[in-house]
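Good morning. Please have the sequence and the model open on your screens while I talk.

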Amino acid sequence: MDIFEARESAVRSYCRTWPTVFGRAAGSRLYNEQGRGYLDFFAGAGALNYGHNNPMLKSALLRYLADDGVIHSLDMYTAAKREFLTLFDELILRPRQLDYRVQFPGPGGANAVEAALKLVRKATGRTEIITFTNSFHGMTLGALAVTGSGFHRAGAGIPLSHATPVPFGKSLDSDGQIPDFQWLERLLGDDGSGLDSPAAAIVETVQGEGGINVASAEWLRRLSGLCREHGMLLIIDDVQMGCGRTGPFFSFEPSGITPDIVCLSKSISGYGLPLALTLIRPDLDIWAPGEHNGTFRGVNPALVTGSAALRAYWSDDSLERGTLAKGERIMEAVTATADSVPGVPIQVRGRGMACGLAFGDGDVAGKVSAAAFEGGLLAETAGSRGQVVKLLPPLTVSDAELEEGLSLLDEAIRAVC
Ligand SMILES: Cc1ncc(COP(=O)(O)O)c(C=O)c1O
(Lines give C-alpha, C1' and ligand atoms only; values in the text may rest on other atoms or scores of the structure.)
Protein backbone atom coordinates (compact mmCIF):
# COMPACT_ATOMS: atom_id res chain seq x y z
CA MET A 1 0.00 0.00 0.00
CA ASP A 2 3.09 2.26 0.07
CA ILE A 3 2.40 3.94 -3.27
CA PHE A 4 -1.01 5.13 -2.05
CA GLU A 5 0.49 6.61 1.08
CA ALA A 6 3.38 8.18 -0.83
CA ARG A 7 1.50 9.52 -3.84
CA GLU A 8 -2.23 9.76 -3.22
CA SER A 9 -3.55 12.95 -1.65
CA ALA A 10 -4.24 13.06 2.06
CA VAL A 11 -7.89 13.65 1.14
CA ARG A 12 -8.39 9.91 0.55
CA SER A 13 -10.77 8.54 3.16
CA TYR A 14 -12.63 5.25 2.60
CA CYS A 15 -9.29 3.46 2.19
CA ARG A 16 -8.46 4.53 5.74
CA THR A 17 -11.59 2.78 7.02
CA TRP A 18 -10.92 -0.34 4.96
CA PRO A 19 -7.13 -0.65 4.67
CA THR A 20 -6.72 -3.40 2.11
CA VAL A 21 -6.24 -3.47 -1.66
CA PHE A 22 -9.31 -4.72 -3.51
CA GLY A 23 -8.82 -6.62 -6.73
CA ARG A 24 -12.16 -7.90 -7.89
CA ALA A 25 -15.82 -7.72 -7.11
CA ALA A 26 -18.93 -9.73 -7.91
CA GLY A 27 -22.49 -9.35 -6.68
CA SER A 28 -22.51 -8.40 -3.02
CA ARG A 29 -18.83 -9.07 -2.42
CA LEU A 30 -15.52 -7.32 -2.87
CA TYR A 31 -12.34 -9.40 -2.80
CA ASN A 32 -8.93 -8.15 -1.78
CA GLU A 33 -5.75 -9.12 -3.59
CA GLN A 34 -5.25 -12.04 -1.26
CA GLY A 35 -8.69 -13.33 -2.26
CA ARG A 36 -10.45 -12.58 1.03
CA GLY A 37 -14.11 -11.78 0.39
CA TYR A 38 -15.91 -8.90 2.11
CA LEU A 39 -19.68 -8.60 2.10
CA ASP A 40 -20.33 -5.12 0.79
CA PHE A 41 -23.09 -3.39 2.78
CA PHE A 42 -21.72 -0.05 1.61
CA ALA A 43 -22.44 -0.62 -2.08
CA GLY A 44 -20.52 2.36 -3.41
CA ALA A 45 -22.42 4.67 -1.04
CA GLY A 46 -25.56 3.72 -2.93
CA ALA A 47 -24.02 3.60 -6.42
CA LEU A 48 -24.23 -0.20 -6.62
CA ASN A 49 -27.87 -1.00 -5.89
CA TYR A 50 -27.69 -3.93 -8.33
CA GLY A 51 -24.38 -5.24 -6.96
CA HIS A 52 -20.90 -5.38 -8.44
CA ASN A 53 -20.45 -6.44 -12.06
CA ASN A 54 -24.08 -7.46 -12.35
CA PRO A 55 -24.02 -10.06 -15.17
CA MET A 56 -27.09 -8.68 -16.99
CA LEU A 57 -25.60 -5.21 -17.11
CA LYS A 58 -22.12 -6.49 -17.86
CA SER A 59 -23.20 -8.41 -20.92
CA ALA A 60 -24.97 -5.31 -22.34
CA LEU A 61 -21.81 -3.28 -21.73
CA LEU A 62 -19.50 -5.91 -23.25
CA ARG A 63 -21.70 -6.14 -26.38
CA TYR A 64 -21.64 -2.36 -26.73
CA LEU A 65 -17.84 -2.23 -26.38
CA ALA A 66 -17.34 -5.12 -28.81
CA ASP A 67 -19.50 -3.31 -31.39
CA ASP A 68 -17.43 -0.10 -31.12
CA GLY A 69 -20.42 1.78 -29.71
CA VAL A 70 -19.76 5.50 -29.21
CA ILE A 71 -18.12 6.08 -25.84
CA HIS A 72 -17.80 9.85 -25.67
CA SER A 73 -20.18 12.29 -27.33
CA LEU A 74 -20.84 15.27 -24.98
CA ASP A 75 -24.56 15.89 -25.54
CA MET A 76 -24.76 14.76 -29.15
CA TYR A 77 -27.60 12.41 -30.04
CA THR A 78 -26.56 8.77 -29.75
CA ALA A 79 -28.43 5.49 -30.06
CA ALA A 80 -27.48 4.66 -26.46
CA LYS A 81 -29.00 7.88 -25.17
CA ARG A 82 -32.15 7.39 -27.23
CA GLU A 83 -32.66 3.94 -25.76
CA PHE A 84 -32.08 5.17 -22.22
CA LEU A 85 -34.52 8.09 -22.58
CA THR A 86 -37.13 5.85 -24.18
CA LEU A 87 -36.91 3.29 -21.37
CA PHE A 88 -36.83 5.94 -18.67
CA ASP A 89 -39.97 7.44 -20.18
CA GLU A 90 -41.77 4.10 -20.59
CA LEU A 91 -40.74 2.29 -17.43
CA ILE A 92 -40.21 5.06 -14.90
CA LEU A 93 -41.97 8.33 -15.74
CA ARG A 94 -45.21 7.32 -17.48
CA PRO A 95 -46.30 4.56 -15.10
CA ARG A 96 -45.89 7.09 -12.26
CA GLN A 97 -47.68 9.87 -14.16
CA LEU A 98 -44.58 12.02 -13.90
CA ASP A 99 -43.66 14.49 -16.60
CA TYR A 100 -40.07 15.69 -16.48
CA ARG A 101 -37.50 16.88 -18.98
CA VAL A 102 -34.22 15.04 -18.45
CA GLN A 103 -31.04 17.07 -18.18
CA PHE A 104 -27.64 15.34 -18.21
CA PRO A 105 -25.75 17.81 -16.04
CA GLY A 106 -22.35 16.10 -15.64
CA PRO A 107 -21.15 12.81 -14.24
CA GLY A 108 -21.90 12.98 -10.49
CA GLY A 109 -24.54 13.81 -7.94
CA ALA A 110 -23.11 17.26 -7.20
CA ASN A 111 -23.51 18.12 -10.90
CA ALA A 112 -27.21 17.26 -10.71
CA VAL A 113 -27.58 19.46 -7.63
CA GLU A 114 -25.65 22.39 -9.15
CA ALA A 115 -27.89 22.33 -12.22
CA ALA A 116 -31.01 22.23 -10.05
CA LEU A 117 -29.87 25.17 -7.92
CA LYS A 118 -28.98 27.28 -10.93
CA LEU A 119 -32.26 26.52 -12.63
CA VAL A 120 -34.52 27.34 -9.66
CA ARG A 121 -32.72 30.66 -9.26
CA LYS A 122 -33.07 31.42 -12.95
CA ALA A 123 -36.75 30.40 -13.01
CA THR A 124 -37.81 32.38 -9.93
CA GLY A 125 -35.41 35.31 -10.06
CA ARG A 126 -34.74 34.63 -6.37
CA THR A 127 -31.47 33.62 -4.75
CA GLU A 128 -32.18 32.07 -1.32
CA ILE A 129 -32.51 28.31 -0.87
CA ILE A 130 -34.09 26.60 2.14
CA THR A 131 -31.90 23.71 3.29
CA PHE A 132 -32.18 21.26 6.15
CA THR A 133 -29.99 20.44 9.11
CA ASN A 134 -27.72 17.42 8.48
CA SER A 135 -28.31 17.55 4.75
CA PHE A 136 -25.70 16.43 2.22
CA HIS A 137 -25.78 17.52 -1.41
CA GLY A 138 -22.17 17.34 -2.62
CA MET A 139 -18.80 19.04 -2.54
CA THR A 140 -18.95 21.69 -5.29
CA LEU A 141 -19.45 25.18 -3.92
CA GLY A 142 -23.13 25.54 -4.78
CA ALA A 143 -23.99 22.10 -3.42
CA LEU A 144 -21.80 22.67 -0.38
CA ALA A 145 -23.67 25.89 0.41
CA VAL A 146 -26.85 23.81 0.90
CA THR A 147 -25.04 21.04 2.83
CA GLY A 148 -25.10 20.92 6.63
CA SER A 149 -21.77 19.32 7.59
CA GLY A 150 -19.54 21.88 9.29
CA PHE A 151 -16.45 19.81 8.49
CA HIS A 152 -17.16 19.85 4.76
CA ARG A 153 -18.32 23.46 4.71
CA ALA A 154 -15.04 24.52 6.31
CA GLY A 155 -13.24 23.07 3.29
CA ALA A 156 -14.85 25.62 0.98
CA GLY A 157 -12.43 28.37 1.90
CA ILE A 158 -14.95 31.08 1.03
CA PRO A 159 -18.25 32.11 2.59
CA LEU A 160 -21.08 29.81 1.57
CA SER A 161 -24.14 31.94 1.22
CA HIS A 162 -27.72 32.23 -0.02
CA ALA A 163 -28.87 29.18 1.93
CA THR A 164 -31.00 29.17 5.08
CA PRO A 165 -30.94 25.96 7.15
CA VAL A 166 -34.07 24.85 8.99
CA PRO A 167 -34.64 21.74 11.15
CA PHE A 168 -35.05 18.47 9.27
CA GLY A 169 -37.98 16.24 10.25
CA LYS A 170 -38.42 16.02 13.98
CA SER A 171 -34.89 17.13 14.71
CA LEU A 172 -36.01 20.29 16.54
CA ASP A 173 -38.17 18.40 18.93
CA SER A 174 -38.36 14.62 19.03
CA ASP A 175 -41.12 14.68 21.69
CA GLY A 176 -43.64 16.25 19.32
CA GLN A 177 -44.15 19.34 21.49
CA ILE A 178 -43.25 21.80 18.72
CA PRO A 179 -45.28 21.54 15.51
CA ASP A 180 -43.22 20.61 12.43
CA PHE A 181 -42.23 23.61 10.33
CA GLN A 182 -43.07 26.11 13.05
CA TRP A 183 -39.71 27.79 12.51
CA LEU A 184 -39.95 27.81 8.71
CA GLU A 185 -43.57 29.00 8.73
CA ARG A 186 -42.67 31.90 11.02
CA LEU A 187 -39.79 32.90 8.76
CA LEU A 188 -41.84 32.70 5.60
CA GLY A 189 -44.95 34.36 7.03
CA ASP A 190 -43.23 37.36 8.62
CA ASP A 191 -42.12 40.23 6.39
CA GLY A 192 -39.82 41.27 9.17
CA SER A 193 -38.06 37.89 9.50
CA GLY A 194 -35.10 38.98 7.40
CA LEU A 195 -35.49 36.00 5.07
CA ASP A 196 -35.67 37.00 1.40
CA SER A 197 -38.31 34.99 -0.49
CA PRO A 198 -36.62 31.67 -1.27
CA ALA A 199 -36.30 30.26 -4.77
CA ALA A 200 -36.62 26.70 -3.54
CA ALA A 201 -36.22 24.16 -0.80
CA ILE A 202 -33.84 21.24 -1.37
CA VAL A 203 -34.32 18.10 0.67
CA GLU A 204 -33.47 14.41 0.91
CA THR A 205 -36.45 12.24 1.94
CA VAL A 206 -33.99 10.10 3.91
CA GLN A 207 -30.72 11.79 4.77
CA GLY A 208 -28.00 9.32 3.83
CA GLU A 209 -24.74 11.01 4.80
CA GLY A 210 -26.58 12.77 7.62
CA GLY A 211 -27.10 9.39 9.31
CA ILE A 212 -30.26 7.81 7.83
CA ASN A 213 -32.66 10.43 9.13
CA VAL A 214 -36.10 9.62 7.75
CA ALA A 215 -38.66 12.30 6.92
CA SER A 216 -42.26 11.10 7.27
CA ALA A 217 -44.62 11.17 4.30
CA GLU A 218 -46.74 13.69 6.18
CA TRP A 219 -43.72 15.96 6.73
CA LEU A 220 -42.88 15.85 3.03
CA ARG A 221 -46.46 16.69 2.09
CA ARG A 222 -46.43 19.65 4.46
CA LEU A 223 -43.12 20.85 2.99
CA SER A 224 -44.53 20.52 -0.50
CA GLY A 225 -47.60 22.52 0.58
CA LEU A 226 -45.45 25.25 2.12
CA CYS A 227 -43.45 25.50 -1.10
CA ARG A 228 -46.63 26.02 -3.12
CA GLU A 229 -48.03 28.55 -0.63
CA HIS A 230 -44.89 30.65 -0.82
CA GLY A 231 -44.00 30.30 -4.50
CA MET A 232 -40.91 28.20 -3.75
CA LEU A 233 -39.90 25.29 -5.92
CA LEU A 234 -39.24 21.89 -4.36
CA ILE A 235 -36.07 19.99 -5.23
CA ILE A 236 -35.88 16.39 -4.06
CA ASP A 237 -32.29 15.18 -3.97
CA ASP A 238 -32.75 11.47 -4.67
CA VAL A 239 -29.09 10.92 -5.51
CA GLN A 240 -28.61 8.37 -2.73
CA MET A 241 -32.17 7.24 -1.92
CA GLY A 242 -33.47 7.01 -5.49
CA CYS A 243 -33.24 4.07 -7.91
CA GLY A 244 -35.09 1.79 -5.52
CA ARG A 245 -33.04 2.17 -2.34
CA THR A 246 -36.14 2.73 -0.20
CA GLY A 247 -38.35 0.36 -2.26
CA PRO A 248 -40.03 2.39 -5.03
CA PHE A 249 -37.90 3.86 -7.82
CA PHE A 250 -38.23 7.39 -6.38
CA SER A 251 -38.09 7.72 -2.62
CA PHE A 252 -40.84 10.37 -2.59
CA GLU A 253 -43.46 8.14 -4.24
CA PRO A 254 -45.24 6.96 -1.06
CA SER A 255 -45.75 10.56 0.08
CA GLY A 256 -47.69 11.37 -3.11
CA ILE A 257 -45.82 14.65 -3.68
CA THR A 258 -44.64 15.76 -7.11
CA PRO A 259 -41.34 17.63 -6.81
CA ASP A 260 -40.56 20.39 -9.29
CA ILE A 261 -37.03 19.07 -9.74
CA VAL A 262 -35.46 15.71 -8.90
CA CYS A 263 -31.73 14.95 -8.72
CA LEU A 264 -30.58 11.41 -9.51
CA SER A 265 -27.13 9.86 -9.81
CA LYS A 266 -25.27 7.02 -8.04
CA SER A 267 -27.26 3.90 -9.10
CA ILE A 268 -28.88 5.37 -12.22
CA SER A 269 -26.16 3.79 -14.41
CA GLY A 270 -26.61 0.60 -12.38
CA TYR A 271 -23.02 -0.45 -12.82
CA GLY A 272 -21.08 2.11 -10.83
CA LEU A 273 -20.35 4.13 -13.97
CA PRO A 274 -20.70 7.92 -13.67
CA LEU A 275 -24.09 9.28 -14.68
CA ALA A 276 -26.39 11.93 -13.25
CA LEU A 277 -29.79 13.33 -14.19
CA THR A 278 -31.62 16.49 -13.23
CA LEU A 279 -35.32 15.96 -13.86
CA ILE A 280 -37.14 19.21 -14.56
CA ARG A 281 -40.83 20.14 -14.58
CA PRO A 282 -41.29 20.92 -18.29
CA ASP A 283 -42.27 24.59 -17.91
CA LEU A 284 -39.16 25.19 -15.79
CA ASP A 285 -36.86 23.93 -18.54
CA ILE A 286 -35.84 27.44 -19.51
CA TRP A 287 -32.16 26.80 -20.09
CA ALA A 288 -30.60 28.46 -23.11
CA PRO A 289 -28.77 25.86 -25.23
CA GLY A 290 -25.38 25.18 -23.66
CA GLU A 291 -26.02 27.49 -20.70
CA HIS A 292 -25.03 24.65 -18.36
CA ASN A 293 -22.63 22.24 -20.01
CA GLY A 294 -19.66 19.98 -19.37
CA THR A 295 -17.46 17.47 -21.18
CA PHE A 296 -18.72 14.32 -19.48
CA ARG A 297 -22.51 14.33 -19.68
CA GLY A 298 -24.51 11.28 -20.60
CA VAL A 299 -21.46 8.98 -20.78
CA ASN A 300 -22.66 6.33 -23.25
CA PRO A 301 -21.43 3.14 -21.51
CA ALA A 302 -23.25 4.38 -18.37
CA LEU A 303 -26.41 4.91 -20.45
CA VAL A 304 -26.08 1.37 -21.83
CA THR A 305 -25.85 -0.20 -18.37
CA GLY A 306 -28.54 2.22 -17.14
CA SER A 307 -30.88 0.97 -19.87
CA ALA A 308 -30.08 -2.65 -19.04
CA ALA A 309 -30.83 -1.95 -15.36
CA LEU A 310 -34.18 -0.33 -16.16
CA ARG A 311 -35.13 -3.32 -18.32
CA ALA A 312 -33.97 -5.92 -15.82
CA TYR A 313 -35.29 -4.38 -12.61
CA TRP A 314 -38.05 -1.87 -13.38
CA SER A 315 -40.23 -3.69 -15.91
CA ASP A 316 -42.24 -5.03 -12.97
CA ASP A 317 -42.42 -4.54 -9.21
CA SER A 318 -40.47 -7.59 -8.08
CA LEU A 319 -37.32 -5.65 -7.11
CA GLU A 320 -39.43 -3.14 -5.19
CA ARG A 321 -41.26 -5.89 -3.30
CA GLY A 322 -37.99 -7.68 -2.57
CA THR A 323 -36.43 -4.47 -1.24
CA LEU A 324 -39.34 -3.82 1.10
CA ALA A 325 -39.27 -7.40 2.39
CA LYS A 326 -35.49 -7.40 2.89
CA GLY A 327 -35.76 -3.97 4.52
CA GLU A 328 -38.20 -5.38 7.07
CA ARG A 329 -35.84 -8.26 7.79
CA ILE A 330 -32.93 -5.83 8.29
CA MET A 331 -34.99 -3.76 10.73
CA GLU A 332 -36.06 -6.83 12.65
CA ALA A 333 -32.49 -8.17 12.93
CA VAL A 334 -30.79 -4.90 13.89
CA THR A 335 -33.53 -4.09 16.40
CA ALA A 336 -32.93 -7.48 18.04
CA THR A 337 -29.19 -6.78 18.13
CA ALA A 338 -29.75 -3.30 19.58
CA ASP A 339 -32.07 -4.70 22.25
CA SER A 340 -29.51 -7.34 23.21
CA VAL A 341 -26.91 -4.78 24.34
CA PRO A 342 -29.01 -2.89 26.89
CA GLY A 343 -26.08 -0.99 28.41
CA VAL A 344 -25.46 0.80 25.11
CA PRO A 345 -28.41 2.75 23.71
CA ILE A 346 -28.63 2.20 19.95
CA GLN A 347 -31.33 3.94 17.93
CA VAL A 348 -32.40 2.06 14.84
CA ARG A 349 -33.93 3.85 11.85
CA GLY A 350 -34.41 3.45 8.14
CA ARG A 351 -36.62 2.95 5.13
CA GLY A 352 -36.42 0.10 2.65
CA MET A 353 -32.81 -1.06 2.44
CA ALA A 354 -31.27 2.05 3.98
CA CYS A 355 -30.72 1.43 7.65
CA GLY A 356 -28.87 3.33 10.37
CA LEU A 357 -27.82 2.32 13.89
CA ALA A 358 -27.17 5.49 15.87
CA PHE A 359 -24.72 5.12 18.74
CA GLY A 360 -24.06 7.75 21.37
CA ASP A 361 -20.80 8.81 19.77
CA GLY A 362 -18.63 8.43 16.72
CA ASP A 363 -15.97 6.53 18.64
CA VAL A 364 -18.24 3.52 19.30
CA ALA A 365 -19.72 3.56 15.77
CA GLY A 366 -16.20 3.74 14.30
CA LYS A 367 -15.13 0.76 16.39
CA VAL A 368 -18.18 -1.22 15.24
CA SER A 369 -17.37 -0.43 11.61
CA ALA A 370 -13.73 -1.49 12.16
CA ALA A 371 -14.77 -4.72 13.91
CA ALA A 372 -17.21 -5.48 11.08
CA PHE A 373 -14.36 -5.06 8.59
CA GLU A 374 -12.21 -7.47 10.59
CA GLY A 375 -15.07 -9.96 10.40
CA GLY A 376 -15.49 -9.47 6.64
CA LEU A 377 -18.26 -6.87 6.34
CA LEU A 378 -18.07 -3.36 4.88
CA ALA A 379 -20.40 -0.94 6.70
CA GLU A 380 -19.56 2.76 6.83
CA THR A 381 -20.34 5.39 9.40
CA ALA A 382 -22.42 8.51 8.79
CA GLY A 383 -23.92 11.38 10.76
CA SER A 384 -22.46 14.71 11.87
CA ARG A 385 -20.17 12.96 14.42
CA GLY A 386 -19.81 9.69 12.52
CA GLN A 387 -22.08 8.21 15.18
CA VAL A 388 -24.28 6.15 12.86
CA VAL A 389 -23.37 2.76 11.40
CA LYS A 390 -25.02 2.82 8.01
CA LEU A 391 -26.17 -0.23 6.05
CA LEU A 392 -26.81 0.00 2.31
CA PRO A 393 -26.61 -3.59 1.04
CA PRO A 394 -27.07 -4.12 -2.69
CA LEU A 395 -30.82 -4.50 -3.36
CA THR A 396 -29.92 -7.72 -5.14
CA VAL A 397 -28.26 -9.28 -2.08
CA SER A 398 -29.42 -12.86 -1.58
CA ASP A 399 -31.31 -13.83 1.58
CA ALA A 400 -28.35 -15.97 2.70
CA GLU A 401 -25.88 -13.11 2.17
CA LEU A 402 -28.19 -10.75 4.02
CA GLU A 403 -28.32 -13.08 7.01
CA GLU A 404 -24.55 -13.50 6.88
CA GLY A 405 -24.00 -9.73 6.88
CA LEU A 406 -26.51 -9.16 9.67
CA SER A 407 -24.85 -11.74 11.86
CA LEU A 408 -21.37 -10.27 11.15
CA LEU A 409 -22.77 -6.90 12.23
CA ASP A 410 -24.30 -8.46 15.34
CA GLU A 411 -20.92 -9.99 16.25
CA ALA A 412 -19.13 -6.68 15.67
CA ILE A 413 -21.58 -4.80 17.89
CA ARG A 414 -21.30 -7.39 20.66
CA ALA A 415 -17.51 -7.36 20.45
CA VAL A 416 -17.40 -3.55 20.83
CA CYS A 417 -20.32 -3.06 23.22
C1 LIG B 1 -28.09 13.04 -1.36
C2 LIG B 1 -26.81 13.28 -2.08
N3 LIG B 1 -26.73 14.29 -2.95
C4 LIG B 1 -25.60 14.54 -3.63
C5 LIG B 1 -24.47 13.79 -3.44
C6 LIG B 1 -23.22 14.09 -4.20
O7 LIG B 1 -22.98 13.11 -5.15
P8 LIG B 1 -21.52 12.98 -5.78
O9 LIG B 1 -20.62 12.50 -4.68
O10 LIG B 1 -21.67 11.98 -6.89
O11 LIG B 1 -21.14 14.33 -6.29
C12 LIG B 1 -24.51 12.71 -2.54
C13 LIG B 1 -23.33 11.88 -2.30
O14 LIG B 1 -23.25 11.11 -1.37
C15 LIG B 1 -25.71 12.46 -1.83
O16 LIG B 1 -25.79 11.46 -0.95
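Which polar side-chain atom lies 2.9 Å from an oxygen atom of the ligand? One of Lys266 does. A polar contact here is a pair of N or O atoms within 3.5 Å; within protein, one must be able to donate a hydrogen and the other to accept it, and residues adjacent in sequence count only if both atoms are side-chain atoms.

Before going on, the basis. This is a predicted model, where local features need pLDDT of at least 70 and side-chain atom pairs count only at pLDDT 80 or more, while totals for chains, interfaces and linings use all residues. Residues are numbered from 1 along each chain as its sequence is written, and side-chain values use heavy atoms, with hydrogens and water left out.

An oxygen atom of the ligand is 2.8 Å from an N or O atom in the side chain of Gln240. On its own the ligand has 390 Å² of accessible area (Shrake-Rupley method, 1.4 Å probe), and the protein covers 80% of that.

The residues around the ligand, meaning those with a heavy atom within 4 Å of it, include Phe136, His137, Glu204, Glu209 and Asp237. By class, this shell has three nonpolar, five polar and four charged residues. Ala, Val, Leu, Ile, Met, Phe, Trp, Tyr, Cys and Pro count as nonpolar, Asp, Glu, Lys and Arg as charged, and the others, Gly among them, as polar.

Now the space itself. On a 1 Å grid over the protein atoms alone, a pocket is an open set of points with protein on both sides within 12 Å along at least five of seven lines, and lining residues have an atom within 4 Å of a point. The space taken by the ligand is the largest pocket; a molecule sits in a pocket if more than half of its atoms lie within 2 Å of its grid points. About 1,500 Å³ of space lies in this pocket, a volume being the space filled by probe spheres set on the points. Of its 47 lining residues, the closest to the centre are Ser13, Tyr14, Phe136, His152 and Glu209. The lining divides into 18 nonpolar, 23 polar and six charged residues.

Note on methods. On a 1 Å grid over the protein atoms alone, a cavity is a set of points where a 1.4 Å probe fits but cannot get out, and a pocket is an open set with protein on both sides within 12 Å along at least five of seven lines; lining residues have an atom within 4 Å of a point.
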